[in-house]
Amino acid sequence: MINNIHSRAYLVDSCLLDLAAADVISLKDNRIIINEVLPHSLYFLNSFMDVVIRNKDDDIDTVIAKILQNVGVIKHTYLALGEEFTEDGNVIEKKKGIIHKVRTFVPQHKTNAEIIDNISSQMLGTRPMSINVFCLTEILVLSRQLRIYFRGRERKAIKNRLLRLEKHPEYAKVFELSKEFEIHMKKVTNLIAKETPSSYINL
């Protein structure tokens with residue numbers, strides 16, 4: 001994941017959505033606005049948020065590019081998330097590699113099943129919609145991972161539900177931000193994939 005620019009982009013997009021859903025950040029005039037201090041529940045985004053704060057006067061594309069190319073921040077965020085999920089019993093930590101052991105985290109089958117069940121029951125069923133499931137489904141659509149877990153008819157129904165939720169006051173703000181993040185993320189990711197701008201090296 002660390003070595004794949006597109007995988008890193010999905011992680012950064014997820015982190016930005018987490019911060020937006022908690023009203024820690026918002027967007028205005030092409031810049032990230034800091035609204036609140038980072039809550040304890042999002043402690044794993046400490047180093048991520050540090051980059052945002054240090055570069056709060058830059059436009060959003062520059063901030064995203066700096067985060068995407070800061071392997072240290074990406075790795076710290078990934079490991080912090082993995083450790084939290086391991087403590088909760090949702091993932092198993094494994095080490096890959098023969099010479100250089102790399103820490104990675106594998107979701108428990110039960111956890112995957114529970115997450116998919118939550119998405120299905122809230123997006124396709126009658127259970128109340130949570131902001132977490134809403135954001136997660138947005139990311140799964142963006143990363144094209146929804147097709148791994150749902151059939152074509154179900155995916156179509158989920159996407160239609162997302163479009164209807166766009167007009168709901170509770171989700172409209174996050175929905176709008178997710179679309180803006182998606183546009184900026186694609187632009188910056190494509191740029192970095194083609195070249196490494198020297199202005200983003202020194203973070």
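Ala, Val, Leu, Ile, Met, Phe, Trp, Tyr, Cys and Pro count as nonpolar, Asp, Glu, Lys and Arg as charged, and the others, Gly among them, as polar. The model here is a predicted one, with local features needing pLDDT of at least 70 and side-chain atom pairs counting only at pLDDT 80 or more, while totals for chains, interfaces and linings use all residues. Residues are numbered from 1 along each chain as its sequence is written, and side-chain values use heavy atoms, with hydrogens and water left out.

Pockets come up first. On a 1 Å grid over the protein atoms alone, a pocket is an open set of points with protein on both sides within 12 Å along at least five of seven lines, a cavity is a set where a 1.4 Å probe fits but cannot get out, and lining residues have an atom within 4 Å of a point. Grid points are joined across faces, edges and corners, and a volume is the space filled by probe spheres set on the points. Helices (H or I, at least four residues) and strands (E, at least two) are DSSP runs, numbered from the N terminus.

The second largest pocket has a volume of about 380 Å³. It is lined by 19 residues, and Val 141, Leu 142, Ser 143, Glu 182 and Lys 186 sit closest to its centre. At least two lining residues come from each of α1, α6, α8 and α9, with α9 giving the largest share, 7 residues. Sorted by class, this lining splits into 8 nonpolar, 4 polar and 7 charged residues.

The largest pocket holds about 1,900 Å³ of space. Its lining runs to 43 residues, and Ser 14, Leu 81, Phe 85, Ile 115 and Leu 136 lie nearest the centre. Two or more of the lining residues come from each of α1, α4 (71-87), β3 (91-96), β4 (102-107), α5 (109-124) and α6. Here α1 supplies the largest share, 8 residues. The class count for this lining is 27 nonpolar, 12 polar and 4 charged.

The structure has 1 cavity of 30 Å³ or more, and the largest cavity contains about 30 Å³ of space. The lining comprises 3 nonpolar, 1 polar and 3 charged residues.

Next, how the helices pack. Axes are lines fitted to C-alpha atoms, for helices over the stretch in contact, and angles run from 0 to 180 degrees between N-to-C directions. The axes of α1 and α6 come within 11 Å and cross at roughly 155 degrees, so the two helices are roughly antiparallel (over 145 degrees). In this contact (heavy atoms within 4.5 Å), α1 brings Tyr 10, Asp 13, Ser 14, Leu 17 and Ala 21, and α6 brings Ile 131, Cys 135, Ile 139 and Leu 142. These residues divide into 7 nonpolar, 1 polar and 1 charged.

The axes of α6 and α8 (residues 152-165) also come within 11 Å, crossing at roughly 125 degrees. Phe 134, Thr 137, Glu 138 and Val 141 of α6 meet Ile 158, Lys 159, Leu 162 and Leu 165 of α8.

Notes. Angles under 35 degrees count as roughly parallel, over 145 as roughly antiparallel, 65 to 115 as roughly perpendicular and the rest as oblique.
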